[in-house]
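The following note sets out points for a colleague who intends to work from these coordinates.

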Amino acid sequence: MSPQRRWFNVSPLPLLSLLCLALTPLVEAGADVTMGVAYEDVTSVGGGVRACVEGAARGEDGVNYCRKLTPQETLKLKQGAEDLVVLTIRRPGDDAFKRFLRSARVYGYKVKVLGEEGEGVEEEVGGRRRIQLLQEALALLKEEKEDRLVLYTESVDVVLSGGPVRVVEEMGEADDVDVWVAGDTTCWPDRNLDEQFPKVEKGKRFLNSGGFVGKVSVLNKLFTEEGKEEMKNLEKKKKEKKEEEEKTEEEEEDDKHALQILFNRVYLKESLRRKYKIEIDHAAKVFQNLNDAVDEVDLQFSGREGYLLNLVSGSVPIVIRGNGHAHLILNTLGAYLARAWNPEDGCRACWEDMIQLKDAEEWKESEEKKEKAKQEEAEELSGKKEVKEIPKVTVGLFIEKPTPFLQEFLDRIEELKYPKKMIDLYLHNAIEGHKETVDAWVESNTGLYASLKYIAPEEDVKEWHVRNGVIDHCLAKECGYLFVVDSEAQIMNPYTLKLLIEQNRPVVAPLLIRPYKAWSNFWGAVTLDGFYARSMDYMEIVQGQRRGLWNVPYVSGSYLVQAGVLANPRTRPAYIRNLLDPDMAFCENLREKGVFLHLSNRVEFGHLVNNEEFDLSRLNPELWEVERNRWDWERRYLNPAYPESVAENTTVEMPCPDVYWFPVFTERFAEEMIVTFEDFGVWSSGTNEPPRALMNFMVRYKPDEQPFLRPHHDTSTYTINVALNKPGKDYEGGGCRFVRYNCNVTDSRVGWVLMHPGRLTHLHEGLRTTKGTRYIIVSFVDP
């Protein structure tokens with residue numbers, strides 16, 4: 001007669017998954033955390049002279065090394081590069097303007113920003129005003145040196161990707177050209193002029209006045225004579241209209257496009273085109289407009305230099321412009337161009353403008369790191385990093401959805417290595433089912449921080465309202481930064497806040513991904529209507545193949561915002577925009593205001609949990625998250641010693657012959673499993689009815705119910721037996737006896753696996769439980 005057992009009827013999938021995990025390695029504890037981070041400075045410019053390769057695309061500085069130069073030609077190129085001046089006009093967008101100036105500085109350009117101080121910062125400079133400013137600047141430059149080259153370009157949507165030598169060389173190779181204007185795919189602003197532009201076999205047929213280069217003497221003459229003519233035409237057109245106090249829409253368009261209209265008129269009139277020797281840069285040798293041309297270029301690297309190759313013409317353009325809808329593409333490319341990133345050094349631009357915070361007790365490390373501190377002090381003295389006082393930070397915590405592993409989320413906020421008296425907490429919990437956990441955490445942390453504002457579920461405040469409220473709260477507390485963390489963001493690196501502050505960017509987010517997935521807290525690109533699109537480098541960034549600081553259109557989950565962005569009415573973010581979700585509204589509003597959203601994956605910061613189907617109605621609901629949130633499930637429920645116990649060449653404890661004993665689960669797992677099974681409360685009658693658990697089940701031994709199990713073999717290749725409670729504390733007696741070897745295992749360890757062969761060799765029995773209740777999980781395994 002077969003032995004009797006009491007079975008617990010349970011859905012097999014979760015339990016089967018739990019036990020199968022015992023056979024797979026655990027993600028090593030701390031594997032995604034970098035402690036005591038100190039970045040290594042790699043700001044030196046690499047590269048070197050590239051040898052001549054016939055037919056190869058130009059890379060590095062782009063100079064044609066295959067063209068033999070006489071000493072006189074070399075001197076002329078060098079002198080021309082030194083004399084070249086870049087003219088530009090401010091436009092709204094501080095971050096983009098700084099990017100442009102950085103690229104000019106990298107290649108050694110002389111840049112003159114036209115207009116009065118502050119002009120163009122908040123509003124676009126009109127077309128007529130641009131012509132006037134260019135007239136004045138060109139006249140002065142001509143007086144200084146008549147044979148120099150002048151390059152005009154926009155600022156906020158441009159990155160320079162080659163040095164002035166390249167510009168001089170390209171102009172020198174152009175036949176009978178004194179002025180080169182950027183090419184474009186469309187005829188604008190008057191499409192009726194389309195047929196008047198000469199046809200071209202390859203390249204851009206139309207022009208774009210957003211970029212041109214030429215001899216200063218010729219440009220001065222063009223703007224003096226034709227610029228005045230254009231002004232007269234605009235005034236005449238205005239007088240023909242009815243006199244009104246405000247500009248008509250047509251007049252505003254004419255003013256906006258005055259520079260483009262001027263160049264169209266000069267180019268399309270053959271006599272003027274010949275007079276000024278003006279040509280379009282059809283092959284994008286100097287100017288690359290990305291609008292409607294993104295598919296025509298490819299980002300490539302030569303040594304330590306990133307550059308764009310025009311796939312149509314084979315050219316390596318110098319002035320890269322993200323005009324029209326292509327400005328977000330330029331943001332992506334700008335993270336590489338102008339020596340910002342390369343495969344050998346990684347992110348060189350990341351080191352620029354960084355700051356260093358003064359020491360705090362939370363950052364004191366071991367003796368071996370004191371030497372690193374001395375090095376950082378030396379950097380401070382040499383001016384590499386500006387040392388700042390520790391700023392006040394408002395940390396905004398938002399629990400807007402039922403979220404698994406919320407306790408760990410809160411614990412990791414508490415573990416952030418940043419002076420708590422410099423943190424003002426702002427916490428919104430919208431979920432009633434999390435109230436007990438959050439209330440307990442708030443109570444235990446009250447008084448530890450500078451302040452703590454808690455908005456509970458019963459206050460019933462809308463998400464967009466509390467998110468906008470954290471901005472007001474931050475400013476009222478005179479914060480230096482706002483650090484937003486949503487409940488799905490598990491900040492594993494305790495130095496995250498410090499590192500993001502020291503990165504010194506207006507908005508910067510740590511990269512967070514769902515473990516084992518490509519899902520992250522950023523979008524590399526967006527569609528024209530503002531929704532997700534994948535960028536060319538998304539997977540490389542997510543997988544850590546490229547590490548650095550990336551200019552992206554969308555971040556969520558966690559990000560740091562400088563107080564200057566919040567306080568400035570021109571850049572202040574908002575979490576409401578039409579019917580968009582708050583995170584999308586926040587990002588789109590900032591993009592519209594020209595604020596760059598940076599994403600850092602320089603080190604590991606943490607990860608995201610999947611909260612899409614988390615069911616708070618279950619008892620111990622995280623137990624059911626083994627598939628959706630395996631990484632966090634393992635951290636909570638698998639014994640930290642488990643990976644070592646199953647590592648290669650590890651000696652496993654063997655209490656009886658061929659019986660192996662090693663840790664798998666935590667005591668918390670055991671406790672929650674017992675409570676969950678008892679809550680379900682449907683146990684078998686103890687008769688010989690077959691179990692319905694597909695070889696994974698819990699067994700309950702009680703003196704008055706099923707105190708023991710008679711000797712038997714299992715229908716398995718090997719059996720896993722996991723103890724869930726403690727002998728001598730939760731029960732008396734019990735254990736497992738292997739009859740053939742007369743060997744007993746009675747001092748069971750909670751969460752430890754007892755693994756033994758099931759058939760033939762290991763006849764075994766469950767020893768009598770004399771007091772209390774003993775629980776074990778059993779799994780029959782057949783590989």
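1. In this predicted model, the torsion about the S-S bond of cysteine 474 and cysteine 479 is about 100 degrees, so this disulfide is right-handed. The two sulfur atoms lie 1.8 Å apart. Cysteine 474 and cysteine 479 are both buried.

2. The disulfide count for the model comes to 3. One of them links cysteine 347 with cysteine 350, at an S to S distance of 1.9 Å. With an S-S torsion of about 100 degrees, the disulfide of cysteine 347 and cysteine 350 is right-handed. Both of these cysteines are buried.

3. Cysteine 656 and cysteine 743 are also joined by a disulfide, with 1.9 Å from S to S. Here the torsion about the S-S bond is about -80 degrees, so the disulfide is left-handed. Cysteine 656 belongs to strand β30 (residues 653-656) and cysteine 743 to strand β37 (residues 743-745), so the pair ties together parts that are 87 residues apart in sequence. Cysteine 656 and cysteine 743 are both buried.

4. Two further cysteines deserve a remark on accessibility. Cysteine 187 has a relative accessible area of 3% and is therefore buried, the cut-off for that class being under 20%. Cysteine 587, at 0% relative accessibility, counts as buried as well.

5. Cysteine 587 is one of the buried residues of α18. This helix spans residues 582-592 and is mostly covered, with 8 of its 11 residues buried. The buried set also includes Pro582, Met584, Phe586 and Leu590, together with Glu588 and Asn589. Glycine 594 follows α18 and has a positive phi, near 80 degrees.

6. By class, the lining of the largest cavity divides into 6 nonpolar, 7 polar and 4 charged residues.

7. An open sheet of 8 strands shows mixed pairing in the order β18-β17-β16-β19-β27-β21-β28-β25. Its edges are formed by β18 (451-455) and β25 (549-552), each of which pairs on one side only. Neighbouring strands of this sheet are turned against each other by 20 degrees on average, direction ignored. Strands β21 (residues 507-510) and β27 (residues 558-562) run antiparallel and are joined by 2 bridges. Valine 508 has leucine 560 of β27 as its bridge partner.

8. A further open sheet, of 6 strands, also has mixed pairing, with the order β2-β1-β3-β6-β5-β7. Strands β2 (110-114) and β7 (278-281) stand at the edges with a single partner each, so one side of each is left without a neighbour in the sheet. The twist from one strand to the next averages 30 degrees. Strand β5 (residues 179-184) runs antiparallel to β6 (residues 206-215), and 6 bridges join the two. Phenylalanine 212 in β6 is the bridge partner of valine 181.

9. Most residues other than glycine have a negative phi, and most peptide bonds are trans. Tryptophan 188 and proline 189 are joined by a cis peptide bond, with omega about 0 degrees. Proline 189 is placed in the loop between β5 and β6.

10. Aspartate 292 is exposed, with a relative accessible area of 55%.

11. Asparagine 649 likewise has a positive phi, near 70 degrees. Its place is in the loop between α20 (642-645) and β30, and β30 is the strand that holds cysteine 656. At 74% relative accessibility, asparagine 649 counts as exposed, whereas cysteine 656 is buried.

Note on methods:
Residues are numbered from 1 along each chain as its sequence is written. This is a predicted model: local features need pLDDT of at least 70, side-chain atom pairs count only at pLDDT 80 or more; totals for chains, interfaces and linings use all residues. Side-chain values use heavy atoms; hydrogens and water are left out. Ala, Val, Leu, Ile, Met, Phe, Trp, Tyr, Cys and Pro count as nonpolar, Asp, Glu, Lys and Arg as charged, and the others, Gly among them, as polar. A disulfide is a pair of cysteine sulfur atoms within 2.5 Å. Buried means under 20% relative accessible area, exposed over 50%, partly exposed in between (1.4 Å probe, protein chains only). Helices (H or I, at least four residues) and strands (E, at least two) are DSSP runs, numbered from the N terminus. Two strands pair if DSSP finds at least two bridges between them. Axes are lines fitted to C-alpha atoms, for helices over the stretch in contact, and angles run from 0 to 180 degrees between N-to-C directions.
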